[in-house]
Amino acid sequence: MKRLYIALGLVALLAVLCTVHTVYLGQLTADLSGLLAQAQEQVERGDWAGADRLTRQSKEIWVEHEGYLHTTLRHTDIDAILVSFDEALAFLRAGERQSAEYAAVNARLITQIGLLLESELPTLTNLL
């Protein structure tokens, strides 16, 4: 009977840890997506410096959490998002101010970040 209680305790602990991870990842992805959406609004207003600042801030947050992210998520997803951050920053720093190209890169980046959370949620699709 003692083994059963230990097994149930471990399952409960794993469920709690998964829930904490999902909530934490949800908050992180929401914060990053919000900053990137604000950066897109800045570009639409013609404030490229403001968009660069917000995108750079998003990347810094991402880099600060890379240890955690590499521990809990697939490395290829993490690396792809980092490359997308660099691509978005390159568009912002380029001499030609092409908002459509930046919007496409930024939208892809927001989607990639959103898919991280979606892949961690306990849905039927993810369980199968």
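A crossing of two helices is called left-handed if the near helix is turned anticlockwise from the far one by less than a right angle, and right-handed if clockwise. By that rule, H2 passes H4 in a left-handed crossing, and the crossing of H4 and H5 is left-handed. Helices here are DSSP runs of H or I with at least four residues, numbered from the N terminus.

Welcome to this predicted model, where local features need pLDDT of at least 70, side-chain atom pairs count only at pLDDT 80 or more, and totals for chains, interfaces and linings use all residues. Residues are numbered from 1 along each chain as its sequence is written, and side-chain values use heavy atoms, leaving out hydrogens and water.

Here are the two helix pairs, with axes as lines fitted to C-alpha atoms over the stretch in contact and angles running from 0 to 180 degrees between N-to-C directions.

| Pair | Angle | Axes |
|---|---|---|
| H2 and H4 | roughly 160 degrees | within 10 Å |
| H4 and H5 | about 160 degrees | 9 Å apart |

Angles over 145 degrees count as roughly antiparallel. H2 and H4 are therefore roughly antiparallel to each other, and so are H4 and H5.

Contact means heavy atoms within 4.5 Å. Among the residues of H4 that meet H2 are Ile81, Phe85 and Asp86; those that meet H5 include Ile81, Ser84 and Phe85.

The structure holds six salt bridges (a side-chain nitrogen of Lys or Arg within 4 Å of a carboxyl oxygen of Asp or Glu). One of them joins Asp86 and Lys59, at 2.5 Å from N to O. This pair links distant parts of the chain, with Asp86 in helix H4 and Lys59 in helix H2, 27 residues apart.

Definitions and conventions. Helices (H or I, at least four residues) and strands (E, at least two) are DSSP runs, numbered from the N terminus. Angles under 35 degrees count as roughly parallel, over 145 as roughly antiparallel, 65 to 115 as roughly perpendicular and the rest as oblique.
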